[in-house]
There are 2 protein chains.
Amino acid sequence: MGTEFLKIIDSEDVKGIIENIEIKREIETVHLTDAYLRVLAENVHATIDLPPFNRVSRDGYAVKAEDTFGASEDKPVTLKLIDAIGAGDKPEKKVEKGTCIEVGTGAPVPEGADAVIMVEFTEKVDGHVHIHKSAAIKQWIASKGSDVSEGDFLLASGTLLTHDKIGVLGAIGMGEVPVFKKPKVAVISTGNEIISYDETLEYGKIYDINSQTIANAVKSCGCTPVYSGVAKDDYDDIRTHIEQHLDADVIITSGGTSAGAGDVLKLVLDDIGEVFVHGIAVKPGKPTIVGKINNKPVFGLPGYPAAALTIFHVLVAPFLRKMASVSRRKSDVLRLKLSRRYHSSRGRHQYVLVKIENEMASPILKDSGAITAIAEADGYFEINKNVELVPEGVEVEVILLESR
Amino acid sequence: MGTEFLKIIDSEDVKGIIENIEIKREIETVHLTDAYLRVLAENVHATIDLPPFNRVSRDGYAVKAEDTFGASEDKPVTLKLIDAIGAGDKPEKKVEKGTCIEVGTGAPVPEGADAVIMVEFTEKVDGHVHIHKSAAIKQWIASKGSDVSEGDFLLASGTLLTHDKIGVLGAIGMGEVPVFKKPKVAVISTGNEIISYDETLEYGKIYDINSQTIANAVKSCGCTPVYSGVAKDDYDDIRTHIEQHLDADVIITSGGTSAGAGDVLKLVLDDIGEVFVHGIAVKPGKPTIVGKINNKPVFGLPGYPAAALTIFHVLVAPFLRKMASVSRRKSDVLRLKLSRRYHSSRGRHQYVLVKIENEMASPILKDSGAITAIAEADGYFEINKNVELVPEGVEVEVILLESR
């Protein structure tokens, strides 16, 4: 047992290597009702005018404005009522001088009319309408194309389709929506001691934690996880699991990278792919591997749950979000005071899980094997490799594990 | 045309009425891999110890600590190597005085051993191991139950199951997870002029916007929307749409509430249910109806998209979140400076849609019929009914339409 880390490098260098991995974004079309929280893959321009016709915006009477000039409470103007139309109707008559048509909100403005007078300022008597107020031209009319004209730019490629933006697509009747495909990410746990949650716990075994945290974290990055289950910590089994998932866009393993475990993933990558990074000068997460097979990135995370989760967030999540064209929420980074001082190991860039309590960041003082560290964690902050002590009360930048 | 609003009241009173609507929370069980972003419906206690056995936490040799006392680089202690076990193995031999067993990280600590000495401080020669450093008792051993003891409290009912929390459930092998059922919310658009996105736009018609915004906003509140399509603005059609969805937990309509539209929803509720609120002293959204049928809340939103969306967020969304047991993210409320002064209508509590630009809240100066208002909106702020002018630069509380 005992393996050297051959390519141990600083975390910033690892980030640079990962940023340079080429990404191809694929596009697919989804139905409007399935587009929620997908990412728009093309600029959307209006294909119609909005409103699509001159539209009445108050209940009342469509008139020729000049017919109403001078009308007042004392000296109403009387017009002949020749028709009534509501929203959704097609006007069949034309407003001629001296006449009016009763209109409901949303109805098309009948030909000949250039204003609408609100029902509150009128009185209907025996087929005639007394108008008590003069109307300004275009009053209570939303003109065709006044909100949006055909061809207007509406939404940019890359827009996250929240519910309000989907309403915009609905407004122009866009039933099929071009969105970026969700990248497929294979998630493999490795370790002879690891069993799936549906197996019986025998002596010396522990339940698989990383498949659950990593697969769901993959979802939070806008990607689709593919569970591969647990691989034994031997060359053939890990290679088989990896080869089964070469149709995925990314492969993430956890465990099987520590020195003692024999570093099987590295051997597999050496044979059928390439290793870029083998060991990172960080804590936790030193035994991390980054490589590729067939131009597909492969991330080998440490086995300890809190270490795997931390390295996922620091290195993998930004890459997955870039692939999926989703951006981190601005509100996912908080500036909070540290609730107690924290000693760091000089020489290794450190990531510290914290719980947020009373608007302060409280470091979780557990080792990265502890599941309770994950149960309590809300986010993490970073400590530079040259810093040995972060004093109580100092403001740190906490990156949330998941939006909340 | 023209209808009175019979029960017009202040928005705070409406909120009080809605808060008093009784909610019954139902529970269902989902598979662990489907539990992401569901809400835990029971407190979870540990059903096993974690680790489930005394676990080796570094690669090295399991020893009796007392055998190593006094060992140093100069004067190593030599122990007989009697076995080797890795993670997932069951130890078959016992560490007796003067012996040791090679162990990998994650392996069970063999009987008789009370410490692990890291491989770095040893040298293996011909079936023996030279130990160069003395070991403290329990060194590099994670004791059974030291992280979590059987029965320990792990996660509280009401916890949102983010990826990290799902890892905690995985750790105790919880394959079936009790979660709150997602409330079913029927979404009905009404209006004779409204057509579905898959129909052809004819003169006088407009595409249905509200079904899309509201149904997806329902998802953002942790509920499941049921699309009911578009109802004509007549008594029979609206009643039929509503009666078809009495198995839903909540019914939301939009349109059909303005005075001129004949207020059909109110008539339906009068006949088969009850009206609590008919008209609210707010802008936009005055013609809002709140009522119930068979103890199911019915919300009748205005027809104009921006008004429907605003009233949904102000009145309906908090109720849906309460039903679904999801809480608003704290980061969904931002304090931002107003980019320009804003005039409000005295006497009506006002909700103003804003776009966030350069860290400032920029009011959207469009009427509530404009789809571009929705295309640009990031959130809204409120203006009290006694305020007529909000000056430029004043800090306002912006509530985001959707987390970002």
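Predicted model: local features only at pLDDT ≥ 70, side-chain atom pairs only at ≥ 80, totals over all residues.
Q: What area is buried between chain B and chain A?
A: Buried area is the accessible area (1.4 Å probe) that two parts lose on being put together, summed over both. Carbon and sulfur atoms give 60% of the area buried between chain B and chain A, and that area is about 6800 Å².

Q: How many salt bridges are there between chain B and chain A?
A: A salt bridge requires a side-chain nitrogen of Lys or Arg within 4 Å of a carboxyl oxygen of Asp or Glu, and the search of the whole structure finds 36 of them over all chains. One that joins the two chains is formed by the side chains of B:Glu193 and A:Arg55, at 3.5 Å from N to O. Between chain B and chain A, the count of salt bridges is two.

Q: By what turn can chain B be laid on chain A, and which residue of chain B has its C-alpha nearest the axis?
A: Superposing by least squares on the C-alpha atoms of residues with pLDDT of at least 70 in both copies, chain B is laid on chain A with an RMSD of 0.1 Å by a turn of 180° and a shift of 0.1 Å along the axis. The two copies are therefore related as by a two-fold rotation axis. The same surface serves both copies, since 100% of the contact residues of chain B recur in chain A. The turn is thus 180°, as by a two-fold rotation axis, and the C-alpha in chain B nearest to that axis, 2.8 Å from it, is that of B:Ser331.

Q: Which residue forms a salt bridge with A:Lys385?
A: The closest N and O atoms of this pair are 2.7 Å apart, and the pair links distant parts of the chain, 375 residues apart: A:Lys385 is in the loop between β26 (379-383) and β27 (389-390) of chain A, and its partner is in the segment before α1 (11-19) of chain A. Helices (H or I, at least four residues) and strands (E, at least two) are DSSP runs, numbered from the N terminus. A:Lys385 counts as partly exposed because its relative accessibility is 29%, where buried means under 20% relative accessible area, exposed over 50% and partly exposed in between (1.4 Å probe, protein chains only). The partner, also partly exposed at 30%, is A:Asp10.

Q: Why are A:Glu243 and A:Arg239 separated by about one helical turn?
A: Their side chains meet in a salt bridge of 3.1 Å, N to O, with A:Glu243 partly exposed at 39% and A:Arg239 partly exposed at 25%. The separation is about one helical turn because, in helix α5 (residues 235-244) of chain A, the two residues are apart by four residues.

Q: Is B:Asp49 buried or exposed?
A: The side chain of B:Asp49 meets that of B:Lys144 in a salt bridge of 2.9 Å, N to O, and B:Lys144 is partly exposed at 49%. With a relative accessible area of 17%, B:Asp49 is buried.

Technical notes:
Residues numbered from 1 in each chain as written. Chains lettered and ligands numbered in written order. Heavy atoms only, no water. Contact = heavy atoms within 4.5 Å.
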